[in-house]
Amino acid sequence: NWILTSGAQDSGWITPALLNSFAAGIGTPQYRLVGNRVTLRGELTTGSTANEAFALAAGYRPSSTGASVVFPCANLTSGDSASLQVVLATGATTPYFTAGSAVFIDGVTFTVD
């Protein structure tokens, strides 16, 4: 197995349009593709749980055989657990959290085909 250590494709940070009353918190929600790995960062606030916050563009969606993938996240307001669901067909990215909370998406990372 070979590991590419330099010259990997890098999209730079992409700031998606936020939907359904979601807003940027401490860090602007963004995603980036380096090689075949997508990394998310930032904080989502204001929106309502189980509503789409933003969509990942084609080519930035997780490799999976299912309909969606769920990633654990941190809930910064209450300390409770939170999650982020990505629908593979549309790229819809939907956080699930305690009402009135902020969701920290740093550390969500996955590979793409």
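I count two residues as in contact when heavy atoms lie within 4.5 Å. With that cut-off, I looked up the contacts in the protein chain between residues at least 6 apart in sequence, and 57% of them join residues at least 24 apart. I note that this is a predicted model, in which local features need pLDDT of at least 70 and side-chain atom pairs count only at pLDDT 80 or more, while totals for chains, interfaces and linings use all residues. Residues are numbered from 1 along each chain as its sequence is written, and side-chain values use heavy atoms, with hydrogens and water left out.

**Entry: chain and sheet**

I took helices (H or I, at least four residues) and strands (E, at least two) as DSSP runs, numbered from the N terminus. The protein chain has zero helices and ten strands. I took two strands as paired if DSSP finds at least two bridges between them. Seven strands make an open, antiparallel sheet, ordered β1-β4-β9-β6-β7-β8-β5. The edges are β1 (23–24) and β5; each has a single partner strand, so one side of each lacks a neighbour in the sheet.

I then went through individual pairings. β6 and β9 (residues 103–104) are joined in the antiparallel sense by two bridges, and asparagine 75 lies opposite valine 103 in β9. β7 and β8 run antiparallel with four bridges; here glutamine 85 faces threonine 94 in β8. The hairpin of β7 and β8 has four residues between the strands, and in it glycine 91 adopts a positive phi near 80°. β5 and β8 are also antiparallel, with two bridges, and alanine 55 has alanine 92 in β8 as its bridge partner.

**Entry: burial and core**

I used relative accessible area with a 1.4 Å probe on protein chains only: under 20% is buried, over 50% exposed, and in between partly exposed. Of the 113 residues of the protein chain, 38% are buried. In strand β8 (residues 92–96), four of the five residues are buried.

I defined a nonpolar core as a set of buried Ala, Val, Leu, Ile, Met, Phe, Trp, Tyr and Cys residues joined through side-chain atoms within 4.5 Å. The largest such core has 23 residues, of which Val38, Leu40, Phe54, Ile105 and Phe110 touch the most other members. Two or more residues of this core come from each of β2 (30–34), β3 (37–41), β6 and β7 (81–87). I checked leucine 40: beyond its neighbours within four places in sequence, its contacts include Phe54, Leu84, Ile105, Val108 and Phe110.

**Entry: arginine 61**

Where does arginine 61 lie? I found arginine 61 in the loop between β5 (54–55) and β6 (68–75). For charges, I counted Lys and Arg as positive and Asp and Glu as negative, leaving out His and the chain ends. A salt bridge requires a side-chain nitrogen of Lys or Arg within 4 Å of a carboxyl oxygen of Asp or Glu. Arginine 61 is buried but has no salt bridge; glutamate 52, the nearest side chain of opposite charge, is 8.4 Å away. Its side chain reaches the backbone oxygen of leucine 56 at 3.0 Å and that of threonine 90 at 3.1 Å.

**Entry: the salt bridge**

How many salt bridges does the structure hold? I found one. Aspartate 10 forms a salt bridge with arginine 32, with the closest N and O atoms 2.7 Å apart. The pair links distant parts of the chain, 22 residues apart: aspartate 10 is in the segment before β1 and arginine 32 in strand β2. Aspartate 10 is partly exposed, at a relative accessible area of 42%, and arginine 32 is partly exposed at 23%.

Key
A polar contact is a pair of N or O atoms within 3.5 Å; within protein, one must be able to donate a hydrogen and the other to accept it, and residues adjacent in sequence count only if both atoms are side-chain atoms.
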